[in-house]
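The model goes in here before my entries.

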Amino acid sequence: MPQKKYSRKTARKIHQNRRKTYFFRRSVILAVLMVALIGTGLYLKQSVSYYYALYFNQFTHKKLSNSENETLRIQKILSGNLDKAYGFDISHYQNTEDISWDSLSIGNKTIPLEFVIMRATMGNRNADKHFSEFWQQAKKHELIRGAYHFYRADEDPVIQANNFLENVKLESGDLPPILDIEKVPKRKTNQKLIEDLKIWCRIIEETYGKKPVIYTYYHYYKDFLKGEFDDYPLWLANYNDVPAPSPEDSWKFWQFTENGIVHGINTKVDLDVYNGSAWSLHRLTLD
């Protein structure tokens, strides 16, 4: 078959069209590669920054240790709940300089911490001096945040609720408000305490549209609160050698030790396990 001949003008036009097609395809391929690279970077960002901080940052870690029994008890809880999400809770008892936020993990560096709960307010008028800084740092480092009010049993529930609302501005992605009740009243009956706690909870629930989480010790819940707050999310403290904080109550969080050793914190802290996966924990947060 004889070769088809083109005029110089036609040949130049064909060459220009091929050149445009070539550059267009190359641009599309580069754009796809760029999107894939950015997507991979975002996906790996947390892991890369975590491991970089873990092995290359200049934070000097103190050597902390527990008794053999406490070490074994904590390790037993960790190994028995590997499918769950872990976190820690802090207050002004931890100094700001003692925390390296970009390298947090439990003891052996293999279990990252997904959430942090911090004390915001106490009683009628007090606020935790480190709350504002801790709150900002938690968001900056993409931890799920929670804020709790330490309830003083003999003080006014309305004033205490307003104290919390004035100092805490929860956002989408934060945990519901948390009420910490540990003490029995000296000037009120126990029944009056229950009534006051319900007033605090009602005010907070009307503001945020979600029931607050109730934090207390296992025996305090069993002795004073059981049957009164059964439809509230429960965060129980129990430091005994047990497989769960309560043998019969449904719980969301378990504070299982006050002697937690964390890579990234130069003091012992309270450690908590959420009764579910990280994905499930996100579902608990505010919309």
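What percentage of the 287 residues in the protein chain is made up of buried residues? I find that buried residues make up 44%, where buried means under 20% relative accessible area, exposed means over 50% and partly exposed lies in between, with a 1.4 Å probe and protein chains only.

I note that this is a predicted model, in which local features need pLDDT of at least 70 and side-chain atom pairs count only at pLDDT 80 or more, while totals for chains, interfaces and linings use all residues. Residues are numbered from 1 along each chain as its sequence is written, and side-chain values use heavy atoms, with hydrogens and water left out.

I looked up the secondary structure and found seven helices and 12 strands in the protein chain; helices (H or I, at least four residues) and strands (E, at least two) are DSSP runs, numbered from the N terminus.

I then turned to helix H2 (residues 68-80), whose 13 residues should span 18 Å at 1.5 Å a residue, in agreement with end C-alpha atoms that are 18 Å apart; the expected span is 1.5 Å times one less than the number of residues. Within H2, I list Glu70, Arg73, Ile74, Ile77 and Leu78 as buried. Seen down the axis of H2, the buried residues fall within an arc of 135 degrees, so they line one face of the helix, the arc being that of the directions from the helix axis to the C-beta atoms. On the other side of H2, I record Glu68, Asn69, Leu72 and Gly80 as exposed. The cover over the buried residues of H2 includes strands E1 (85-90), E2 (105-106), E3 (111-112) and E10 (253-260).

Methods. Contact = heavy atoms within 4.5 Å.
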